[in-house]
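Reader: I'd like to learn how to read the contact between two chains. Can you walk me through it?

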Amino acid sequence: MKLAVKDVMRCVGCQSCMFACSRRSGNAGLSNTCIGVKSTGGISRGYTVIVCRSCKNPPCASVCPTGALVPQKGGGVRLISSKCIGCGLCKDACIIDAVFWNEEQNKPVICVQCGYCVEYCPYEVLELIKDEKGVSHD
Amino acid sequence: MRKELAMIENDTLSRVLYIDLSKKRYFVKDRKDLFEKYLGGTGVATQLLLEECPEGIDAFAKESPIIFAVGPLTGAFPLASKTCAMFKSPHTGDLGESHAGGRSAIAIRMAGYGAIVIKGKSELPIYLSISNGKVLFKNATTLWGMKDGSIAARVMRQSEGGEGLRAIFRIGQAGENMATFANVTTETYRHFGRLGLGAIFGSKMLKGIVISGKQMIEVTNKKEYRALYDQIYKAATESPLMQKYHDVGTAINIKSLNSAKALPVKNLQMSSTEDIGPVTGEEIAKHHLARRVACAHCPVACIHLAYLREAYDDDPYFYKTIPVCYDFELIYSLGTMIGITEPKALLKLIDIVEQVGVDAMSMGVILAWITEMFEKNMITKEDLNGISISWGNVEGYIELVRNISKPITVFLKACAHGVDYASKIYGGKEFAMQFGKNEMPGYHTGPAGYLGFLLGARHSHLDNGGYSIDQKELIKIDLSPEQVVNKLLDEEAIRQILSSIAVCFFARGIYELKLVSEAIKLLGFDLNENELHEIGKQIHLNKYKFKMREGFRIEKLEVPERIYETTDPTGKITKKFIKEGLDYAQNLIN
């Protein structure tokens, strides 16, 4: 399973996906979101939607000094929170800014490709691609 | 006795950020006392205004406060995306209240505040950058005086962090020059539109605010929270209640109000026009709609952006494409009210109004009044700084908008104070379309609408059910003025609650008081429907307390004769009806 942006041109910037992602923890707000929606240089130009592409050889895991980010078979990483010292190197290593940060805990929040956000996108911007091999899709 | 409410201990909603622009200092105070009693938004902002605004003060004095407040549902449930702004209105001299969406509410709540109080006055232009518990006072000298307010916003956007999580408030040239109906724009297309917040910003040399954050909000029961969230989300995305806003948008009302003879045309000399075709919501959508966007945490996406493509005169293959936001009120005020029914002309004028940063309804009504004054030879071309105007002439109106925002002649300076102020000096009161000194919205629906504008706490059509009483009831049956006033006041109580929790009024069909009660319970507020209704009434009375304190009197209200002369759908707009309604309300409220 892999989260993907199906058609960014349909995004209205409602951020329902961001609130959904954060709500997985059970609480409200945005502290735990690991999907991002921002304008592309002003709202009139449309939006940029940032999702983890679950890289096969993830740069975020490569730079982690404590082994807190574990590459997964088929792509992406899992965070072992107890190992994480909150140095933020992973955040800098991700050039699409898909490593999000929980300021309250000072730790990264990493997409687990669960697809909960997809259910809350009213405009079919997002999709969850089913792929046993977890191959990257554009 | 009301029971004690208990907010969730860690909820940052009750944190109020106080900023002093004179001393460039700030502090945070916990105000559970206010939030537990009045929920947030309008309810809390009213109390803060009563506390912070000295009686009888000049709206432009440095002690005059700017208050922003959000509510318990902000950041927790969809459609709770409104920020309530309160201030002493420089336009009416009493209560100034204006609501805006965009990312404003989410950003304030996520930054860890329930309300912000701004006082004092800076000696140089500044903007505020609020994030991570800090307030930075940034030099905005270079942004001051720009003719297009969106450029200032672009500079702030490029200099500040928090992309995707921030709101950017800013004023335009009209605010800097303290036109009393100048607005504050947020996220380019949303506005604290009515009653002159932009002028207060200008008087304090405050060009803008950038605020961001992304914190957690705890709920009392995670499982119930998710279930209720899904219920509301489903209603917002699937129910027909939101369809109207979602598809064609509020502009869909242009066609129906025009055929019902309820749409002001040419300063309400008429209430419909045969030329409406090209500027109906449907037609504009068909030919010009380019994109729909949403406020943060609202899946409805009611904001409609048209793209205006214009050629440059000096180069046949050189075009500019300008995104312009339109809705019902803009098509009315900058369209039919001044005889413009050509969509490109309308969009051009809207763009200029956005650039200078004024309330579109007030500006449209002022332009309409000026046109009639000019037609009747009550003013001269010299008064208009040499500008030629006539109904439907967009180039003249564009010049006039720029001139009113930066007025040179004595007449245009008066116009920058609104149509009530100007008509008291120059005459033409009988067709100066103001109610309680605020220019009218586009609803000539019947007597309930007008009583609503006159008695509503902030003189905007959406703040009272007046236009709806006209269209649903008075058009078919007879109601006494007393019955209408009772209905208006009853509905006001509900709308005070909606703007206190603070949800968008477009969602009023979803957020019935029962649902409100269930939703706020998850944030720690234990109040049933009746208790909420009582709090709503109290908030409305508190607003009246401020209004009366600042000199508002029902008996002093002046009604332009024009409304009695122009056909309306009910045929019931009579002096007798309005007077009886006002007299009855006066006895109730005093």
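Reader: Which strand of chain B does strand 2 of chain A join, and how do they run?

Author: Strands are DSSP runs (E, at least two residues) and helices are H or I runs of at least four, numbered from the N terminus; two strands pair if DSSP finds at least two bridges between them. Here strand 2 of chain A and strand 13 (residues 216-217) of chain B run antiparallel, joined by two bridges. Opposite A:Ala28 you'll find B:Ile217 in strand 13 of chain B. Bear in mind that this is a predicted model, with local features needing pLDDT of at least 70 and side-chain atom pairs pLDDT 80 or more, while totals for chains, interfaces and linings use all residues. Residues are numbered from 1 along each chain as its sequence is written, chains are lettered from A and ligands numbered from 1 in the order written, and side-chain values use heavy atoms, leaving out hydrogens and water.

Reader: How many residues does the contact take from chain A and from chain B?

Author: Contact means heavy atoms within 4.5 Å. Chain A brings 37 residues and chain B 40 residues.

Reader: And what area do chain A and chain B bury between them?

Author: Buried area is the accessible area (1.4 Å probe) that two parts lose on being put together, summed over both. For this pair that's about 3,100 Å², with 52% of it on carbon and sulfur atoms. On the chain A side, A:Asn27, A:Ile43 and A:Ser44 lose the most area to chain B, together 18% of what that side buries.

Reader: Which side chains meet in a salt bridge?

Author: Look for a side-chain nitrogen of Lys or Arg within 4 Å of a carboxyl oxygen of Asp or Glu. The count between chain A and chain B is one: A:Lys38 with B:Glu163, at 3.4 Å, N to O.
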